[in-house]
Amino acid sequence: MTEENRNPHYVTPRDAEISYCPMSMGGHEGKDLCVGPQCMAWRWTYKLSEDDEGQLEAKYSTTHGYCGMVRG
């Protein structure tokens with residue numbers, strides 16, 4: 001199981017775009033859909049690892065992210 005599959009908040013941009021935006025101000029019927037990576041709140045998932053010199057580096061995913069407004 002990959003890291004992206006462990007957290008239910010991690011989704012692909014395509015999955016995000018068929019979900020309702022948690023910041024939408026519309027009523028139940030008037031909610032806006034998420035725009036995924038085009039949103040300022042979108043965050044790409046990452047995994048920390050050590051480089052050859054023992055320094056931590058973040059390797060960002062190019063396939064999964066999450067809404068920074070609802071991350072748990």
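Student: What is the volume of the largest pocket?

Tutor: Rolling a probe the size of a water molecule over the atoms shows where empty space is left. A pocket is an open set of points on a 1 Å grid over the protein atoms alone, where a 1.4 Å probe fits, with protein on both sides within 12 Å along at least five of seven lines. Grid points are joined across faces, edges and corners, and a volume is the space filled by probe spheres set on the points. Here the largest pocket has a volume of about 190 Å³. Lining residues have an atom within 4 Å of a point; there are 13 for this pocket, and His 9, Val 11, Ser 19, Cys 67 and Val 70 are the closest to its centre.

Student: What kind of model is this, and how are residues numbered?

Tutor: This is a predicted model, in which local features need pLDDT of at least 70 and side-chain atom pairs count only at pLDDT 80 or more, while totals for chains, interfaces and linings use all residues. Residues are numbered from 1 along each chain as its sequence is written, and side-chain values use heavy atoms, with hydrogens and water left out.

Student: Which helices and strands does the protein chain have, and in what pattern?

Tutor: Helices (H or I, at least four residues) and strands (E, at least two) are DSSP runs, numbered from the N terminus. The protein chain has two helices and two strands, in the pattern α-α-β-β along the sequence.

Student: How many bridges join S1 to S2?

Tutor: Two strands pair if DSSP finds at least two bridges between them. S1 (residues 42-50) and S2 (residues 56-67) run antiparallel and are joined by eight bridges. Lys 47 has Lys 59 in S2 as its bridge partner, and Tyr 46 has Tyr 60. Five residues lie between the strands of this hairpin, where Gly 54 takes a positive phi near 85°.

Student: Where is Glu 17 found, and which residues does Glu 17 touch?

Tutor: Glu 17 is in the loop between helix H2 (13-16) and S1. Contact means heavy atoms within 4.5 Å. Leaving out residues up to four places away in sequence, Glu 17 touches Leu 33, Cys 34, Val 35, Gly 36, Pro 37 and Gln 38. From Glu 17 to Leu 33 the C-alpha to C-alpha distance is 6.2 Å, although they are 16 residues apart in sequence.

Student: What share of the protein chain is buried?

Tutor: Buried means under 20% relative accessible area, exposed over 50%, and partly exposed in between (1.4 Å probe, protein chains only). Of the 72 residues, 22% count as buried. Glu 17, at 35%, is partly exposed.
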